[in-house]
Amino acid sequence: MLHTELTGRLGVVFPIIGAPMGGVAHGRLARAVTEGGGLGMIGVGSTDAAELIEREAPVASDSGRLPFGIGLMAWALDRNPGLLDKAIDARPALVSVSFGSPAPYVDALHEAGIAVASQVQDVAGARAAAEAGVDFVVAQGTDAGGHTGTVGTLPLLQLVLDTVDVPVIAAGGIATARGLAAVLAAGAAGAWVGTCLLASPEATTKPEARAKVLAARETDTVLTRVFDVAQGIPWPERFAGRALRNRFTDRWHGREAELATDAAAGSELDGARRTADYDMAYVYAGQAVGLVRASRPAAEVVRDLGEGAASLLGEQLDRLLDGETNDRSGSPHPSS
Ligand SMILES: Cc1cc2nc3c(=O)[nH]c(=O)nc-3n(C[C@H](O)[C@H](O)[C@H](O)COP(=O)(O)O)c2cc1C
């Protein structure tokens with residue numbers, strides 16, 4: 001089995017966090033991830049009301065039986081501090097405060113016995129989160145789905161591991177056992193996965209969006225602000241969102257200033273969202289979308305990641321340290 005600071009601290013079987021995904025990861029998905037052996041999180045989106053937490057926490061925890069997490073955004077919390085009280089009242093095991101400084105919120109969460117994580121996108125952010133006293137720094141690479149930064153997961157992970165002393169979790173682009181094994185071998189305490197759960201039946205993803213996820217290749221995403229600009233959502237400019245490329249991004253990406261004053265484009269996007277027309281509306285997804293080929297129960301996805309990584313690490317370590325050659329499937333064969 002795999003033992004890391006994450007499995008030890010949170011008491012989970014696998015070092016896997018089901019990412020908080022606003023509008024996608026509600027109680028049902030969080031619970032399924034936890035039942036699969038990871039820790040599932042509820043995503044509180046930038047436009048969600050605090051009532052979402054009241055409604056979804058009992059579903060995630062199966063009425064208090066299971067641990068779960070809640071993902072908040074620092075910039076949205078600064079505008080709606082009531083979210084923090086609701087999150088604390090829900091008694092999660094873990095709260096993440098990402099996209100801005102977690103510092104104002106760490107003490108209150110710790111006083112309530114809640115572990116704190118923060119997703120960071122560069123070394124300065126990692127240092128600041130560690131200084132703020134978070135329990136886990138999540139190195140979120142640009143490969144990730146949803147809002148993120150511009151540095152790839154692998155360089156960011158190496159930099160952050162060399163920068164902070166607290167356990168580091170890797171986020172962005174991890175969707176198979178190979179990905180989990182790679183970040184654990186590098187020294188991460190676990191993986192924080194979102195895109196690989198987008199097509200799971202427990203996610204709130206609409207069927208039309210799920211079909212887009214299943215059809216998308218690794219080259220089909222774009223890091224863009226156009227959906228936030230069109231909806232007038234005040235995301236800090238340094239965080240764009242990685243979404244599937246579609247007609248809306250093809251038309252507006254790079255023309256954000258013009259888009260901001262085009263009311264018709266905003267209405268068109270609203271209409272497309274209402275009618276589930278994802279040639280225009282957004283489907284946030286990461287580059288690992290190219291690895292999502294079936295709609296599989298989240299617990300099964302988590303178990304395959306965890307069990308697969310454990311056996312891959314065992315096989316690969318034996319092979320690498322013994323100096324044997326092997327074929328691409330990872331099974332050793334004698335060298336001639
Ligand atoms: C649809 C979607 C919505 C997301 N919403 C949030 C969110 O509300 N809060 C948050 O902290 N991160 C959010 N994220 C980012 C995830 O927490 C995480 O960093 C990302 O999914 C990891 O990369 P991966 O998608 O390649 O697995 C979202 C990601 C996706 C795909």
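How close do the axes of helix 2 and helix 15 come, and at what angle do they cross? Hold that question while you set up the view.

This is a predicted model, where local features need pLDDT of at least 70, side-chain atom pairs count only at pLDDT 80 or more, and totals for chains, interfaces and linings use all residues. Residues are numbered from 1 along each chain as its sequence is written, and side-chain values use heavy atoms, with hydrogens and water left out. Helices (H or I, at least four residues) and strands (E, at least two) are DSSP runs, numbered from the N terminus.

**Stop 1: two helices**

Select residues 27-35, helix 2, and residues 298-322, helix 15. Their axes come within 7 Å and cross at roughly 35°. Axes are lines fitted to C-alpha atoms, for helices over the stretch in contact; angles run from 0 to 180 degrees between N-to-C directions. The crossing is right-handed: the near helix is turned clockwise from the far one by less than a right angle.

Now show side chains. Leu 29, Ala 32, Val 33 and Glu 35 in helix 2 meet Ala 298, Ala 299, Val 302 and Arg 303 in helix 15. Contact means heavy atoms within 4.5 Å. By class, this contact has 6 nonpolar, no polar and 2 charged residues. Ala, Val, Leu, Ile, Met, Phe, Trp, Tyr, Cys and Pro count as nonpolar, Asp, Glu, Lys and Arg as charged, and the others, Gly among them, as polar.

**Stop 2: the barrel**

Colour strands 1-2-3-4-5-6-8-9: in that order, 8 strands close into a barrel with parallel pairing. Two strands pair if DSSP finds at least two bridges between them. Neighbouring strands of this sheet are turned by 25° against each other on average, direction ignored.

Zoom in on strand 1, residues 16-18, which pairs with strand 9 over 3 bridges. Gly 18 stands opposite Val 193 in strand 9. Helix 2 packs on this sheet, touching strand 1 and strand 2 (39-43).

**Stop 3**

Select strands 7, 11 and 10. These 3 strands form an open sheet in the order 7-11-10, with antiparallel pairing. Strand 7 (146-148) and strand 10 (221-224) are the edges. Strand 7 is joined to strand 11 (residues 240-244) by 3 bridges. Find Gly 146, which stands opposite Arg 242.

**Stop 4**

Select Met 21, Gly 22, Gly 23, Val 24 and Tyr 284. Of the 50 residues that line the largest pocket, these are the closest to its centre. Strand 3 gives the largest share of the lining, 3 residues. By class, the lining has 25 nonpolar, 21 polar and 4 charged residues. A pocket is an open set of points on a 1 Å grid over the protein atoms alone, where a 1.4 Å probe fits, with protein on both sides within 12 Å along at least five of seven lines; lining residues have an atom within 4 Å of a point.
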